[in-house]
Amino acid sequence: MLSDFKASFFSRNRHKFEYSIERLRQLMGCEDKLLKFSQFKEKCIGKAIFEINNSDTSEFTLTAKYNKNGRAVEGVSFILLAEANVFCRVMITIISSKQA
């Protein structure tokens, strides 16, 4: 999932990427488990977001927006925010590697 944002990360410290529910279930290995979306959201998506946002080593903040068609959730948009110091370190690394 993180590889989806690497290409555009260098132009800003915020990135949005979207997945259908089916694709997200495949990526998280939950195709045959947690069939009700409320269970999938709580035990899979919510837990992953909580762990990322509360990690002592994470330099990112992740939020989710649920894309609905009527009452049915069809996809999830994740918004990944990098702290400013991460962006600066990445830019310094890129600049120094180009000068080498």
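In which helix is F37 found? F37 belongs to helix α3, which covers residues 37-53, where helices (H or I, at least four residues) and strands (E, at least two) are DSSP runs numbered from the N terminus. The model is a predicted one, so that local features need pLDDT of at least 70 and side-chain atom pairs count only at pLDDT 80 or more, while totals for chains, interfaces and linings use all residues. Residues are numbered from 1 along each chain as its sequence is written, and side-chain values use heavy atoms, with hydrogens and water left out.

Read from the N terminus, the elements of the chain follow the order α-β-α-α-β-β-α, which amounts to four helices and three strands. Of the 100 residues in the chain, 23% are buried, a word that stands here for a relative accessible area under 20%, with exposed meaning over 50% and partly exposed what lies in between (1.4 Å probe, protein chains only). The chain exposes about 7100 Å², and carbon and sulfur atoms supply 54% of that area, as computed by the Shrake-Rupley method with a 1.4 Å probe. If one takes the contacts (heavy atoms within 4.5 Å) between residues at least 6 apart in sequence, 46% of them join residues at least 24 apart.

Beyond its neighbours within four places in sequence, F37 is in contact with I21, R25, I45, Y66 and V73. The C-alpha atoms of F37 and I21 are separated by 8.8 Å, and the two residues lie 16 residues apart along the chain. Further along α3, the helix has a kink of about 35° centred on G46, the bend at a residue being the angle between axes fitted to the seven residues ending there and the seven starting there. The buried residues in α3 are F40, C44, I45 and I49, and their cover includes α2 (21-28), β2 (60-69) and β3 (72-82).

The loop between α2 and α3 holds L34, a residue that has a positive phi of about 50° although it is not a glycine. Most residues other than glycine have a negative phi. L34 is partly exposed because its relative accessible area is 24%.

Next come the strands β2 and β3, which pair in the antiparallel sense over 10 bridges, pairing being assigned if DSSP finds at least two bridges between two strands. These strands form a hairpin with two residues between them, and G70 in the turn has a positive phi of about 70°. N69 stands opposite A72 in β3, and K65 has S77 of β3 as its bridge partner.

The side chain of S77 makes a polar contact of 3.0 Å with that of N67 and another of 3.5 Å with that of E18. Such a polar contact is a pair of N or O atoms within 3.5 Å, of which, within protein, one must be able to donate a hydrogen and the other to accept it, and residues adjacent in sequence count only if both atoms are side-chain atoms. Leaving aside neighbours within four places in sequence, the residues in contact with S77 are K16, F17, E18, T63, A64, K65 and N67. Another residue of strand β3 is L80, which counts as buried because its relative accessibility is 6%. L80 and F60 are 20 residues apart in sequence, and their C-alpha atoms are 6.6 Å apart in space.

In soluble globular proteins, nonpolar side chains tend to be buried together. Not counting residues up to four places away in sequence, V76 touches F17, E18, Y19, I21, L24, I45, A64, K65, Y66 and N67.
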